[in-house]
Amino acid sequence: MSAEVLQQLDPQPGETIVDATAGRGGHAADIGRRIAPGGRLILFDLDAANLAYATDRVRAESGLEPIGIEGSFASVGRELKSRDIVADGLLADLGFSSNQLEQAERGFSFMRDGPLDMRLDSSTPLKAEDLLATLSEPDLADLIRRFGEDPSAKRIARKIVAQRAEEPIQTTAQLARLVREAYGPRAREARVHPATRTFQALRIAVNDELGALDALLDEVERTAKQLAKGSPGWLSLGARVVVIGFHSLEDRAVKQAFARMADQGMLQDRSRKPLKPTRTEIRSNPRARSAKLRCAKVGNLVQ
Ligand SMILES: C[S@@+](CC[C@H](N)C(=O)[O-])C[C@H]1O[C@@H](n2cnc3c(N)ncnc32)[C@H](O)[C@@H]1O
């Protein structure tokens, strides 16, 4: 959704923009070209290799020297304040990148056999395999229902617990097969692979993705509150905030946080309906099909 991102984020020469999820630097390079010369780009990513790749790409394509922060966007406010940076725009393109999905050894894909890892930040201790080995059956069912919104969560959890008594569940192929078996004949009717939701649930849990998103939205709300009181924050008055979510849990969190801030007069020009990728984009990048972009400006500028 690069055209939509640029339109809503509207980066101008000399501005300071935060890309909270640098990934492979596609959006970051577009932004860099717009804010050069004299602009500042701050890149966050949990994945050290992605952050390094994006930093090099921005440098090569825009001539800017971005500030790279290897860590979670959950601490964006603290990180910017400690550097005395005030941003004119913030982009968060949530979830994981295609290259992470394609690396079998990262364990994100049920299409590629690999270890059940699923960590975005490989320096953290908890892997998906650990959750599958240690959670109780009700906790596993709860995790798959809450983060995967899978109505077959109980059946899948029962299957996992029965199987792990026989042998440890350590590979993506093993887990995908178990979920398919738990679905039974209904697996054939499913529109997407039956393991899609279980993999999503585990990834969200391993990386505390919804916790990080809530923290990011809280940071935006806190700074918007400060601006409303006339004090400076890490975002400037009128800063554009653009968030792209890839499943309903993310989109709901963004929608509710934006609505809460708008009700309190701290946000304006909020998109009521999310923007979605065009059919042409979905054809060339099928992973984009579930993307929903929401945007708003900080501060009630009309008063
Ligand atoms: C969808 S990709 C971003 C793709 C990027 N916009 C591009 O154009 O290439 C999401 C990226 O966000 C990173 N990520 C996910 N959660 C994060 C978090 N809490 N803090 C920082 N980075 C995060 C992932 O490691 C991944 O590289």
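**Domain organisation, parallel strands and ligand shell**

In the predicted model, the protein chain is divided into two parts, domain 1 (2-98 + 209-298) and domain 2 (122-206). The C-alpha centres of domain 1 and domain 2 are separated by 31 Å. Contact between the domains involves five residues of domain 1 and four residues of domain 2. On the side of domain 1 that touches domain 2, helices α11 and α12 (248-263) each contribute at least two residues. By class, the residues on this side of domain 1 comprise two nonpolar, two polar and one charged.

Strand β2 (residues 40-45) pairs with both β1 and β3. Strand β1 (residues 16-19) runs parallel to β2 and is joined to it by four bridges. Within this pairing, aspartate 19 has leucine 43 of β2 as its bridge partner. Between β1 and β2 the chain passes through helix α2 (residues 26-35), forming a β-α-β crossover that is right-handed. Strand β3 (residues 67-70) is likewise paired with β2 in the parallel sense, again over four bridges. Here leucine 43 is bridged to glycine 68 of β3.

The loop between α2 and β2 contains proline 37. The peptide bond that links alanine 36 to proline 37 is cis, with an omega near -5°.

The ligand is surrounded by 20 residues, of which the closest are Thr21, Gly23, Gly26, Asp93 and Ala212. The elements that supply two or more residues to this shell are α2 and β2. Helix α2 is also the helix of the crossover from β1 to β2. The composition of the shell by class is seven nonpolar, nine polar and four charged residues.

Helix α11 (residues 209-228) includes alanine 228. Alanine 228 has 19 C-beta neighbours inside 10 Å; because burial requires 20 or more, this residue counts as partly exposed. When neighbours within four places in sequence are left aside, alanine 228 is in contact with Gly265, Met266 and Gly299. Glycine 299 is 71 residues from alanine 228 in sequence, yet the C-alpha atoms of the two residues are 6.4 Å apart in space.

Aspartate 208 is located in the loop between α10 (196-206) and α11.

Definitions and conventions
Residues numbered from 1 in each chain as written. Predicted model: local features only at pLDDT ≥ 70, side-chain atom pairs only at ≥ 80, totals over all residues. Pairing = 2+ DSSP bridges. Right-handed = clockwise from strand over helix to strand, strands pointing away. Buried ≥ 20, exposed ≤ 12 C-beta atoms within 10 Å, placed from the backbone. Contact = placed C-beta atoms within 7 Å. Near = placed C-beta within 6 Å. Nonpolar A, V, L, I, M, F, W, Y, C, P; charged D, E, K, R; others polar. Domains from an automatic or database assignment.
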